[in-house]
Protein chains: 2
Amino acid sequence: MLKFNQSFSFDSLEKDKEEMDRVLKVLKKEMLNDEVGYYKLPQNSLKHIITIKNLNLKNFSQIVVIGIGGSSLGIKAIDQILRPYTKNAKEMLFLENSDPVSIRLTISKIKKEEALFFVISKSGSTIETTSIFKTVIKHCKLNLKSLDKKRIFTITDAGSSLSNFSKKHDILEFNIPLNVGGRFSVLSAVGVVPLQMAGYDMENVLNGAGKFVNSFFDGKEEHLLQKASCLFNNSQKTPINVLFSYADGLENFAKWYVQLWAESLGKIDKRGQHVGLTPVGLIGSVDQHSFLQLIIEGPKDKSVTFIKINDSQDDLSIPDITLFGIEKTDFINTQKFNLLINAQCDATMQSLIDTGIDTDIITLDFVNAHNIGALIMYHELLTSSVGEMLNINTYNQPGVELSKQILYKNLIKK
Amino acid sequence: MLKFNQSFSFDSLEKDKEEMDRVLKVLKKEMLNDEVGYYKLPQNSLKHIITIKNLNLKNFSQIVVIGIGGSSLGIKAIDQILRPYTKNAKEMLFLENSDPVSIRLTISKIKKEEALFFVISKSGSTIETTSIFKTVIKHCKLNLKSLDKKRIFTITDAGSSLSNFSKKHDILEFNIPLNVGGRFSVLSAVGVVPLQMAGYDMENVLNGAGKFVNSFFDGKEEHLLQKASCLFNNSQKTPINVLFSYADGLENFAKWYVQLWAESLGKIDKRGQHVGLTPVGLIGSVDQHSFLQLIIEGPKDKSVTFIKINDSQDDLSIPDITLFGIEKTDFINTQKFNLLINAQCDATMQSLIDTGIDTDIITLDFVNAHNIGALIMYHELLTSSVGEMLNINTYNQPGVELSKQILYKNLIKK
């Protein structure tokens, strides 16, 4: 279960209520006429789980994911947070960046005979992904005419270049719905297929997401629209939105959120204005010793969302040991670390409220597949809601084309 | 060698020149009268290397660092970037956050008989550090009355609670100069001692830093003051400063930079104004698929500094393989990944310049200890210069006290 508590200024409820109703209607229409596809992924992706179970694959211990951006961040997020809570999850290796040092290191860890390879690219021709795939073919001696191809799976748009490749070599291919953008694709085959193969309970991730999206469209998650409205109304005053997660396991989730938020909302709006909100991902308590000073005493240009895990299901406690000279820290002896980290979260949030900073907090009772699914869907719906209020196209990314064109021109020259 | 290229608007050179001269004088005075201690660390920390060599420790394979914030970020940064370039570096384990899940996981990797333990806290009583130290004592069965104490080292201020503890138990203690703040301490014993023990060439890290700081005070690094002046003059227009590093190995360096920049510059200035610049750390090419869209089409509130490694000394190349359907990516076949990632860096930078965004680039010819030392000192001096222009105390962090007080009050209640 997720609990939402908001402590921010919310002035003109009446006027905003109208806008919230409008946004809910627009999103619902996008869902009903299949203009935007991620809303229905919780039901539409169940078929992949059945496909995987029927494959009945055995004798593998590694999942190698070749993909970047939306084809990697969500997978890494779920893998990291659920791993300590999942028995016998397979090792996952990620090949994403065009950095030779890290590619070499990761490839050296692959045990070909125990590995399944997932090549993930929505467009099918992402330069990092295809280049690394070729490198893996060479270094792992994958023979596309042998049984090796049974170890390879592709996840891509129907009709893409990678799809054509898969058909040619009779490689099992999973498709991303055409109406689902890369950064909204974690609950499509992109996330479901490799994570289910790795041993994660993706059915419950989908269930958690599905329950939340249904509740949202039933009008029962008004807090989400209220938050969207606040973020939108304050987007000039607080253009920076901090996600402050009190769990090391949420570090990759924060990176997923950064892509979702930055790439969806950083846009030229329909009146030609540059709009957008800047995401920052922090981890508590570590970043209390880093970024917190800036939030408190720097410009008041930030809102802060906390994520707290009520019960980490780990009872590790601080031993009842007194160290000479350091006796003044004994007040915490015998307490659980779970209590300490949550007390730190509460204290930091309180100090921000006292300083007049807009904050809210999402509390997970436990880390489990269901809650992580809901957390993902919550952030996707929040992004869509703010995007609609900003009067932008939330689902494209035209700004990155220029850099790709320059790259292509420069490389062709060489 | 580091090369600096700046492509940003720099209007009023004459007026700014005066300010730059003033700042250089102020910093020089701080150095000469020992008000600020980090400037002299490159020479003052050499003694620790001699101490370590004389210890002549053998038969250990793990370095366990217990510390948080300034007592961990810089160590992790140097470990990560130099590891692929350092033969036989010992494994390093970091215990920092009060998260029970990650503490338990890290402690399970410790092999007591092969480990050296470093307890690092400037104040000596950081709650995470002391709590985790007690946990390590219990779980690794460290007996402070036995030879176990020869495996433990502390790094702290002279006269601190941790220093008193060390004296009581005859544990070898290294001190942080009192005029060096936590986030400026990576070149003090904090970084030098554990990293030298791990097998890194800290002498050359110090030499690289020393050469740069000398050159700066000799007036030969004017570009640094120019950049500081630009960042300061544009701090209203572009309050967000992105560090976009094209190497996976610089991810922890970016976290170190975020602490340095955020905690030093996010302040109430001497006129009572909330000032500060917000740091964001990105990794290329990965974040071209994430944050880049926001930089290009979102609000023009960001400046971007690129870091590029000219020659990664890794000749991994893209195999000359043609994949059916994906032939259009063959233009990059046979090229080195080193060329690809740097071409991506150049193309992204060019696209930002074309969009009118202030950018600059720091190019390292190679990754080596000397260059990393210079890169660290460059960022420290840049921080001090901007801080002086902002008219703040760059070296304190009063804003985080409130949260600590609330924590203490709440925990004592329980």
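In chain B, Val64(B) finds its bridge partner in Leu93(B), a residue of β3(B). That bridge is one of five that join β3(B) to strand β2 (residues 62–66) of chain B, and the two strands run parallel. Strand β3 (residues 91–95) of chain B is mostly covered, with four of its five residues buried. All of this, like everything below, comes from a predicted model.

Over in chain A, there is an open sheet of five strands with mixed pairing, and the order reads β1-β12-β11-β7-β10. Strands β1 (2–7) and β10 (278–283) of chain A take the edges; each has a single partner strand, so one side of each is left without a neighbour in the sheet. From one strand to the next, the twist averages 15 degrees. The partner of β1(A) is strand β12 (residues 359–364) of chain A: the two run antiparallel and are joined by six bridges. Lys3(A), for instance, has Thr363(A) in β12(A) as its bridge partner. In general, strands of a sheet pair through backbone hydrogen bonds, either parallel or antiparallel. Lying across β1, β7 (240–245), β11 (302–309) and β12 of chain A is helix α14 (residues 369–390), which runs at about 155 degrees to β12(A).

Neighbours within four places in sequence aside, Thr359(B) is in contact with Gln6(B), Ser7(B), Phe8(B), Val304(B), Phe306(B), Met349(B), Leu352(B) and Ile353(B).

Another strand residue worth a look is Ile176(B), in β6 (residues 172–176) of chain B. With 3% relative accessibility, Ile176(B) counts as buried because the cut-off is under 20%. Once neighbours within four places in sequence are set aside, the contacts of Ile176(B) are Lys122(B), Ile155(B), Thr156(B), Asp157(B), Ser185(B), Ser188(B) and Val190(B). As for Lys47(B), 129 residues away from Ile176(B) along the chain, the C-alpha atoms of the two are separated by 12 Å.

How do the two chains relate? One contact between the chains involves a charge and a ring: the charged end of Lys168(A) sits over the ring of Phe324(B), 4.8 Å from its centre. Within chain B, the charged end of Lys76(B) sits over the ring of Phe94(B), this time 5.8 Å from the ring centre.

Turning to aromatic rings, the count comes to 32 aromatic pairs over all chains. Tyr38(A) and Phe184(A) make a stacked pair, 4.7 Å centre to centre with 25 degrees between the planes. Tyr38(A) belongs to the loop between α1 (13–32) and α2 (41–44) of chain A, and Phe184(A) to the loop between β6 (172–175) and α8 (189–198), so the pair ties together parts that are 146 residues apart in sequence. Both Tyr38(A) and Phe184(A) are buried. A tilted pair is formed by Tyr246(A) and Phe306(A), at 6.2 Å centre to centre and 35 degrees between the planes. This one links distant parts of the chain as well: Tyr246(A) is in the loop between β7 and α11 (251–265), while Phe306(A), 60 residues apart from it, is in strand β11 of chain A. Tyr246(A) is buried, with a relative accessible area of 2%, and Phe306(A) is buried at 0%. Tyr38(A) and Phe184(A) also turn up in one aromatic cluster together with Tyr39(A), Phe216(A), Phe217(A) and Tyr395(A).

Finally, helix α4 (residues 73–82) of chain A is mostly covered, with nine of its 10 residues buried. The buried residues of α4(A) include Leu73(A), Ile75(A), Lys76(A), Asp79(A) and Leu82(A).

Definitions and conventions: Residues are numbered from 1 along each chain as its sequence is written. Chains are lettered from A and ligands numbered from 1 in the order in which they are written. This is a predicted model: local features need pLDDT of at least 70, side-chain atom pairs count only at pLDDT 80 or more; totals for chains, interfaces and linings use all residues. Side-chain values use heavy atoms; hydrogens and water are left out. Two strands pair if DSSP finds at least two bridges between them. Axes are lines fitted to C-alpha atoms, for helices over the stretch in contact, and angles run from 0 to 180 degrees between N-to-C directions. Contact means heavy atoms within 4.5 Å. Buried means under 20% relative accessible area, exposed over 50%, partly exposed in between (1.4 Å probe, protein chains only). Rings of Phe, Tyr and Trp (its six-membered ring) pair if their centres lie within 6.5 Å; planes under 30 degrees apart count as stacked, over 60 as edge-to-face and the rest as tilted. A charge sits over a ring if NZ of Lys or CZ of Arg is within 6 Å of the ring centre and within 35 degrees of the ring normal.
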